[in-house]
Amino acid sequence: MAVEEFLKQCQQSGDAAYAAFRSLLERLEDPKSRSDARVFLSDLFSRVGSSDDCFHKYHFRIQDIHLNQYEGYRGRKKLTMLVIPSIFIPEDWSFTFYEGLNRHPDSIFMDKTVAELGCGNGWITIAIAEKWLPEKVYGLDINPRAVKVSWINLYMNAFDEKGQPIYDEEKKTLLDRVEFHESDLLAYCREHDIQLERIVGCIPQILNPNPEAMSKMITENASEEFLYSLSNYCALQGFVEDQFGLGLIARAVEEGIAVIKPAGIMIFNMGGRPGQGVCKRLFERRGFRVTRLWQTKVLQAGDTDISALVEIEKNSPHRFEFFMGLSGDQPICARTAWAYGKAGGRISHALSVYSCHLRQPNQVKVIFEFLNSGFQEISSSLDLSFEDDLVADEKIPFLAFLASSLKENSYFPYEPPAGCKRFRDLVASFMKTYHHIPLTSDNVVVFPSRTVAIENALRLFSPRLAIVDEHLTQNLPRQWLTSLAVETAETGLSENVLTVIEAPCQSDLMIELIKKLKPQVVVTGIAHFETVTSSAFVQLLDATGEIGSRLFLDISDHFELSSLPGTSGVLKYLSGTPLPSHAAILCGLVKNQVYSDLEVAFVISEEEAILKALSKTVEVLEGNTSLISQYYYGCIFHELLAFQLTDRRPHPERSEKSKSVEVIGFSTSAISVLNNAELSISDNGNSLVHMDVDQWFLPTPSLVKAAIFESFARQNMAESEIDVTPIIKQFVKSNYGFPTDSSTEFIYSDCLQALFSKVVLCCVHEGGTMCFPAGSNGNYVSAAKFLKANIVNIPTNSEEGFKLTEEILNKVLETVKRPWVYISGPTINPTGLLYSNKEMENILTACARVGARVVIDTSFSGLEFDFEGWGGWNLEGCLSELYSSDKSSFCVSLLGGLSLKLLSGALKFSFLALNQPLLIDAFHGFPGLSKPHSTDKYAIKKLLALREQKGGMLDVVTEQIRNLEIRAKRLKEALEKCGWDVLRPCAGVSMVAKPSFLNKAVKLCPSLKDTDSGERGATYEVMLNDATIREAIAKTTGLCINSGSWTGIPGYCRFTIALEDSEFEQALACLVKFKSIVDN
């Protein structure tokens, strides 16, 4: 086609001009006609030049962009570029951006894989390839016409005016280095799995004043006005930065994180209209370090409508920054700028070029992979901006680990009460690697906090006299610290009297007290000036060993989570000498950089009996230490261990046994409980199925995962965001009609068992008697026994479904002094039956008659599936009437746990509502309670607000309740086929059943793994009863259940059903297997 004929076609319209150039591109793409087509472009340029007249008359312009004006110029002086009306026309905005790119050293792009977002007519993409010789540059634009024009410009600059290829110093042409593709931001790179080393972008940062326009389909045939608007405006992207017009850049950055290599760099042109702080924060909160390469002022494009920014200012306190002309130095807001521009004034704004790289790229990528897997709505809460690198080095790896765990695991696995196996392994490895102490995970027991560890240890031994470092007594029971029974240490009064003497931690003073007072237990730290050598520690070991005293040495203040930990005389001593049997090391992990109120503690011992007893004690009195808290500190240990080179020398093993010392043994109550209670079964390498724990192992809902992650991702949470009391008050009122007023006190813990243990201590303090119905939570009964409470078992019968009745209570309570009645309801654990509102009113009336204290445990409620005619609870009227009776000692306390209600095994949160001032005061006498972390409170508050919302948690809970109903039905059928008499449950996660083969002698053969030799053990005979059935089933099948000893109902075993799918199927198979063993 002749030039004149081509121009005639272009003259018709912009669309006609585009069609003509598209035909020309087809000729450029064909190697046979490429040279002629390039010559034709030269002739065309010679004919029309680059004037504005050409643009208006022929709807295109070919112009030269001179490169020799930019810093670091080398190579060709100019690029020749085509522009058409429907694409972005090079102007100050893009020239400034290219100037910023030039501020980088030459190595920044050389041999790299680069993408330019919003490439327009492709001039910056081509200029990058021309100057820096990258491996490949991808020019990406959502405007299909821009991509076609960019290809034309690529051919125009890859060949000279005579149609001959232009080679660079590496004998390559621009065609070897550059590609252009239609792409919504980085979609092309994602879809083709292209990993980038550099991402540059000069993309729109103003919301379209006509939002509907942005919803149109983007096609080549769209109007010129619409296609051109794509280079000026962006649509809402669903990011918090939308409010500043930066949503598109925010999306580009997050997409970039997925495809950029770890050492990659992103460079963006940022209009300063929202303010420099806002622009920088966009990158910093996503984990980037930001450098401003270049800043200038540019005139606001006359064809860009800023009314959308005026609207944002009207609805928010934020003010955008504009200037009057290029010389103005006082910022004006968008509204003033809009008015000034309308009146004919020229407005300008700052323009900066930012270079950004991820501070911890691999971990940040993991975090964003999680967010992009269905959790995008919480990305606005993410804040990875840190003034202190030490904080970043802790928080980012943990968030990455948490994100990975939440993404890859549908539920949180069972962990033994002694602590998460991985965490204990990491503690032992850290001690071995950094301090050369040969420990294993079996030498470590985990506690929720240092205070809890100390109190649990003292309760385990129940010494008449203990000496405790004055810095460690703050949260010990008030009664221990005020007792004057020091002389009983020698006269030998009842072990129920425990006296704690506070002492300074300076070793010579402590040793003097030890020698004079002869305590049975000593808990102390070491003064800072004595930590460098081991002499103070050795003297303490000798002094306590001589008088037969247990020693717990606290190293919390001197234990450094660092790759260069300071010298510790205690740890240096332990690297060469075993810990004597009477001593243990205590360490509270409190020195984290990020979450000030997040604590975990561990005890180290080399005495197996102590370790087992401590493990069982924490199980009885506390339950489980928060799993996520262990994850957090585990991450720190993991990072420190990864920092160390692998030690090729074998770690030293203990060549000598620890020195044995005759010391105080465990308390009588502890021995009885630890020997007889049904506590967790050690797996010993076996794969066990746990139907004996009240935990949620079904899939954790996405909303719960989102809340957990968001709570840790946030920074600077306001007090109102973690104040759970208002929503808990609303929760207990709407679910149970439990009345609260200004005198009601809510106490929170991350361990339900710990809250109940404190209730028992209040009962003991008052001289009360704990009354448990037959068919109660066996863990609570064990805790009460351990704490030396007076206990009465209230009989129940099968005709009533083992429920409490008013008649039974009236008979029992007549003879009980100061009764404290424990009731599980509305859902009863372990039976899974329900108390109706009327039944509960009758029970409370019976309790009120004798002035009993009542503890209603609602922890297992909220998952009712067979509730026809039940009607729920509303206790307000009944309690108001009963409180007005003469018996002032009558009160009802409400105990609750939200783990099951919120379908989460990881989110531990429990509450206790107390209404009686005397009881509140007594409770505060036992302050050593493991409190929920602020992140727990944030997540709980958010989830409780969502729980009743349709489309929110309500739908998920409803679905899981249906699942539990199906599970209960299937388990009932399986049990009945295997010869069990089942009590059909109506709610919750547990049920009870009685085997028909009780009191039958059976021959058992344990599995290979149950014998130390690895060979099948000899067959032995067992009489199946409440004392033997649990162990028999576990040893032969790997299924763990609770027996009648735990439920309190002779013969009736307890099964929990909130198991992971495959484990539930395995449990059913185990029942069949045991039936065949019994039959044979």
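Guide: Just after helix α37, G979 takes a positive phi of about 90°. This is a predicted model, in which local features need pLDDT of at least 70, side-chain atom pairs count only at pLDDT 80 or more, and totals for chains, interfaces and linings use all residues. Residues are numbered from 1 along each chain as its sequence is written, and side-chain values use heavy atoms, with hydrogens and water left out.

Helix α37 covers residues 953-977. Helices (H or I, at least four residues) and strands (E, at least two) are DSSP runs, numbered from the N terminus. The expected span of a helix is 1.5 Å times one less than its number of residues. For the 25 residues of α37 that gives 36 Å, and the end C-alpha atoms are 36 Å apart, so the two values agree.

Which residues of α37 are buried? They are M953, V957, Q960, I961, L964, R967, A968, L971, A974 and L975. Buried means under 20% relative accessible area, exposed over 50%, and partly exposed in between, with a 1.4 Å probe and protein chains only. An α-helix has 3.6 residues a turn, so residues three or four places apart point the same way.

The cover over these buried residues includes the helices α27 (702-713), α36 (934-947) and α40 (1061-1079), together with β26, β27 and β31. Contact here means heavy atoms within 4.5 Å.

Those strands form an open sheet of three, in the order β26-β27-β31, with antiparallel pairing. β26 (980-983) and β31 (1053-1056) stand at the edges with a single partner strand each, so one side of each has no neighbour in the sheet. Neighbouring strands of this sheet are turned by 35° against each other on average, direction ignored. Two strands pair if DSSP finds at least two bridges between them. Between β26 and β27 (residues 990-995) there are four bridges, in the antiparallel sense. L983 has V992 in β27 as its bridge partner. Helix α37 lies across β26, β27 and β31, and runs at about 155° to β26. Axes are lines fitted to C-alpha atoms, for helices over the stretch in contact, and angles run from 0 to 180 degrees between N-to-C directions.

Another part of the chain shows a strand with several partners. Strand β10 (residues 347-358) is mostly covered, with 11 of its 12 residues buried. Strand β8 (residues 288-299) pairs with β10 over 11 bridges, in the antiparallel sense, and F288 has L358 in β10 as its bridge partner. Strand β7 (residues 260-271) is also antiparallel to β10, over six bridges; there N269 is partnered by V353. Strand β9 (residues 323-324) pairs with β10 in the antiparallel sense over two bridges, with F323 opposite S348.

L7 counts as buried because its relative accessibility is 1%. Leaving out residues up to four places away in sequence, L7 touches L44, R47, V48, Y58 and F60. L7 and F60 are 53 residues apart along the chain, and their C-alpha atoms are separated by 9.8 Å.
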